[in-house]
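Biologist: Please take a close look at the charged side chains of this model. I would like one connected account.

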Amino acid sequence: MSNPFFDHPIMNSPYAYPVKHWELDDDGQPTQQIIETRRRAKFITPIPKPKKRKGAAKQEGFVFEDEAGLSNKEQQYDPTSIINEVRGNVDSWRSLPNPNQWQVTPETVRLLQHWRHHKFNDIRPFFCQVEAVETAIWLTEVAPQIKKHKHILDHLAAANKDANPELMRLALKLATGAGKTTVMAMIIAWQTINAARRPGSKNFTRGFLICTPGLTIKDRLRVLQPNDHNSCYKDRELVPGDMLDNVKRAKIVITNYHAFKMRERIDLSKGGRALLQGRTGEEPKTLETEGQMLQRVMPALMGMKNILVIHDEAHHCYRRAGKRQYANGLSRMNRRFGLWMG
């Protein structure tokens, strides 16, 4: 028997704003009805229909408790409302016809117009890729200028304070295959071009630390280096020709998570360690300090006041303090914010 949902699951062009979607019921099951609007952001877990049981109790929602007590029945973080509010504001901002109304720098205007309207020789950026960068731009350049949006920035600041004190983080979640590497390149271009032409601005930086979960992904991200022979800025036409020289001023360090583990500075045998420990019983300090670790991992960025950290494959990152050993050291470098891509 034909099932319209599975026969035609894709309803929108990847290059345009989504205008309709298949309706799902409360259990994540398709109703075979088409809704003529974009789907709202919502956490949905499609599950098979259960066998009918008399008097079966309805399953309660999961509550993920952690050691700090930040997620429990009394206090659950609901991100969907703020996501939909930000999305609506970005939609309204995007629809403004006059670039003078966008409240962004002339450099950002050039990039937005390029990504939205340039006739690309190869694959043009998907709508979701442009929207992801637009959201970062709106939160950075536009929202701080408008008083009615202050509560959104306050919400993000409070969420960061609870989960990761002293470090401001934003998360961009894209579907598998959406092209997160391209989004990273667009963000790097936006930041670097503005920083190169507006060196006094606190909103922009030329320094980037890209953290990956493994060596394979680290190698794949080489295309983010402006001087790489396969650099995506020129090959993918992500930057207007007259701005390419500005992008080359970016300082980018690409590393993997394991590099942040403190290493031994002195190779000691068991007997040598015991000898140094001596009668006092004090363990010899042979591990790197946080500063020494950062100098080893990212020497090219050490002289920069602000850097932007991009965590690729962010679902491999964890909130427990022990799982992010580099966080305290980075906060002391006064980095502006981290961007989590998942």
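Modeller: Asp-26 sits in the loop between strand S1 (21-24) and strand S2 (30-35), where strands are DSSP runs of E with at least two residues and helices are runs of H or I with at least four, numbered from the N terminus. This is a predicted model, in which local features need pLDDT of at least 70 and side-chain atom pairs count only at pLDDT 80 or more, while totals for chains, interfaces and linings use all residues. Residues are numbered from 1 along each chain as its sequence is written, and side-chain values use heavy atoms, without hydrogens and water.

With a relative accessible area of 77%, Asp-26 is exposed; buried means under 20%, exposed over 50%, and partly exposed in between (1.4 Å probe, protein chains only).

Elsewhere, salt bridges are counted when a side-chain nitrogen of Lys or Arg is within 4 Å of a carboxyl oxygen of Asp or Glu. The count comes to twelve salt bridges. One of them joins Glu-131 and Arg-94, with the closest N and O atoms 3.7 Å apart. Glu-131 lies in helix H4 (residues 127-142) and Arg-94 in helix H2 (residues 80-94), so the pair ties together parts 37 residues apart in sequence. Both Glu-131 and Arg-94 are buried. These two residues belong to a salt-bridge network that also links Arg-38, Asp-91, Arg-116 and Glu-134.

Arg-110 and Asp-242 also meet in a salt bridge, at 3.0 Å from N to O. Arg-110 lies in helix H3 (residues 106-117) and Asp-242 in the loop between H8 and helix H9 (244-247), so this pair ties together parts 132 residues apart in sequence. Arg-110 is partly exposed, at 32% relative accessible area.
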